[in-house]
Amino acid sequence: MTGRGGRPTLEEVAARAGVGRGTVSRVVNGSPRVSPQAREAVLKAIDELGYVPNRAARQLVTRRTDTVALVVAESDQRLFHEPYFAGIIRGISNGLGDTGLQLLLALARSPAEYDRLEDYLTAQHVDGVLLTSLHAEDPLPAKLEAGGVPTVLGGRPPGLHPVSYVDVDNRSGAREAVAHLVARGRRRIATIAGPQDMGVGIDRLAGYRDALAAAGLPERVEYGDFGEASGVAAAERLLAAEPALDAVFAADDPMALGALRALHRHGRGVPDDVAVIGFDDSAAAPLADPPLTTVHQSPEEMGVEMARLLVSRIRGETVPDPVVILRPHLVLRESA
């Protein structure tokens with residue numbers, strides 16, 4: 001028997017499952033306060049009856065939208081061309097796969113767009129927010145948390161103290177890469193560092209400096225924006241200042257690939273004349289000429305962990321460790 005209009009009702013699901021109406025409501029609304037046996041019985045009854053929750057009524061009761069936003073404060077070109085962002089999005093999608101939450105991708109390409117987005121997010125249009133590629137002193141995370149919107153960051157932004165974030169141990173990964181160059185006898189080791197208003201840029205430069213200080217070697221630093229073109233330009237500046245350069249550590253793979261292009265243009269052999277190491281272990285790294293030695297990190301794993309933390313916070317569950325730091329490792333290929 002079905003309810004009015006042929007659609008099964010909440011009461012019919014409860015009767016089929018042998019539980020109370022409140023138990024069915026808790027299962028439908030994702031509450032953890034249901035025993036595994038009762039949850040299984042309710043889900044079985046929902047499947048057998050073909051019950052579909054009234055979404056509008058559910059939102060009125062739970063004050064939830066079943067939507068989370070991923071905010072990326074970058075240009076279209078970086079978002080759609082750099083493999084890091086594709087990995088993050090895949091990981092988040094996988095992490096949300098069986099939660100019933102929909103993912104909204106929001107781009108903030110200008111200050112005006114960022115302001116409009118801030119107004120939208122703080123008006124409770126989403127259940128939670130994931131933020132990545134943040135720069136120093138960004139006010140949005142604190143405003144979201146103050147407005148009761150659970151927020152998880154991808155990466156540790158400098159100058160901020162977020163409630164929850166997922167990051168890679170960028171400093172140790174950079175230190176391992178440069179220590180490898182030192183162990184292979186390289187003595188004029190430069191770096192192409194990332195932006196210094198981002199935690200990832202700061203930490204990877206610090207790891208480079210740690211390894212050189214331990215070896216008693218001088219620094220040679222140029223800066224890029226994590227894009228390949230900036231890697232080309234930075235490598236050109238390094239070669240002009242130090243023609244006898246014998247190694248380059250770039251703070252991400254696109255800048256390392258740009259460095260390879262500049263070195264080839266100047267007739268410098270890799271790795272015979274100049275060894276090159278990147279950071280990411282992107283899909284392009286093993287296809288480079290020569291294949292690129294790089295520090296492996298998993299953006300997909302970061303995305304999965306970000307989604308896991310956010311879902312737990314949305315559900316009001318206790319999160320024993322709201323900060324997750326993943327360990328990178330060096331992948332050796334022909335460029336170093």
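## Leucine 260 and the nonpolar cores

In this predicted model, leucine 260 is in contact with Val270, Val276, Ala288, Asp289, Pro290 and Leu292, leaving aside its neighbours within four places in sequence. A second, separate core of 23 residues includes Val68, Leu70, Met306 and Val311.

The largest nonpolar core has 27 residues, and Leu260 is among those with the most contacts inside it, together with Ile192, Val276 and Leu292. Two or more residues of this core come from each of strand 6 (189-193), helix 11 (228-241), strand 8 (247-250) and helix 12 (253-265). Helix 12 provides the largest share, seven residues.

## Domain division

Three domains make up the division of the chain: domain 1 (10-62), domain 2 (67-168 + 300-326) and domain 3 (170-296). Between the C-alpha centres of domain 1 and domain 2 the distance is 30 Å.

## Arginine 204

Arginine 204 is located in helix 10 (residues 199-215).

The side chain of arginine 204 does reach the backbone oxygen of alanine 251, at 2.5 Å. Leaving aside neighbours within four places in sequence, the residues in contact with arginine 204 are Asn170, Ala174, Phe249, Ala251, Asp252, Phe279, Asp280 and Gln297.

## Salt bridges

The structure contains 16 salt bridges. One of them joins glutamate 11 to arginine 21, with the closest N and O atoms 2.7 Å apart. Glutamate 11 belongs to helix 1 (residues 10-17) and arginine 21 to helix 2 (residues 21-28), 10 residues apart. Glutamate 11 is partly exposed at 43% relative accessibility, and arginine 21 is partly exposed at 47%.

Aspartate 210 and arginine 171 also meet in a salt bridge, at 2.7 Å from N to O. Aspartate 210 lies in helix 10 and arginine 171 in helix 9 (residues 170-183), so this pair ties together parts that are 39 residues apart in sequence. Aspartate 210 is partly exposed at 22% relative accessibility, as is arginine 171 at 37%. A further salt bridge connects arginine 333 with aspartate 281, the closest N and O atoms being 3.0 Å apart. Arginine 333 lies in the segment after strand 12 (329-331) and aspartate 281 in the loop between strand 9 (275-280) and strand 10 (293-296), so parts 52 residues apart in sequence are tied together.

Note on methods
Residues are numbered from 1 along each chain as its sequence is written. This is a predicted model: local features need pLDDT of at least 70, side-chain atom pairs count only at pLDDT 80 or more; totals for chains, interfaces and linings use all residues. Side-chain values use heavy atoms; hydrogens and water are left out. Helices (H or I, at least four residues) and strands (E, at least two) are DSSP runs, numbered from the N terminus. A polar contact is a pair of N or O atoms within 3.5 Å; within protein, one must be able to donate a hydrogen and the other to accept it, and residues adjacent in sequence count only if both atoms are side-chain atoms. Contact means heavy atoms within 4.5 Å. A nonpolar core is a set of buried Ala, Val, Leu, Ile, Met, Phe, Trp, Tyr and Cys residues joined through side-chain atoms within 4.5 Å. Buried means under 20% relative accessible area, exposed over 50%, partly exposed in between (1.4 Å probe, protein chains only). Domain bounds come from an automatic or database domain assignment. A salt bridge is a side-chain nitrogen of Lys or Arg within 4 Å of a carboxyl oxygen of Asp or Glu.
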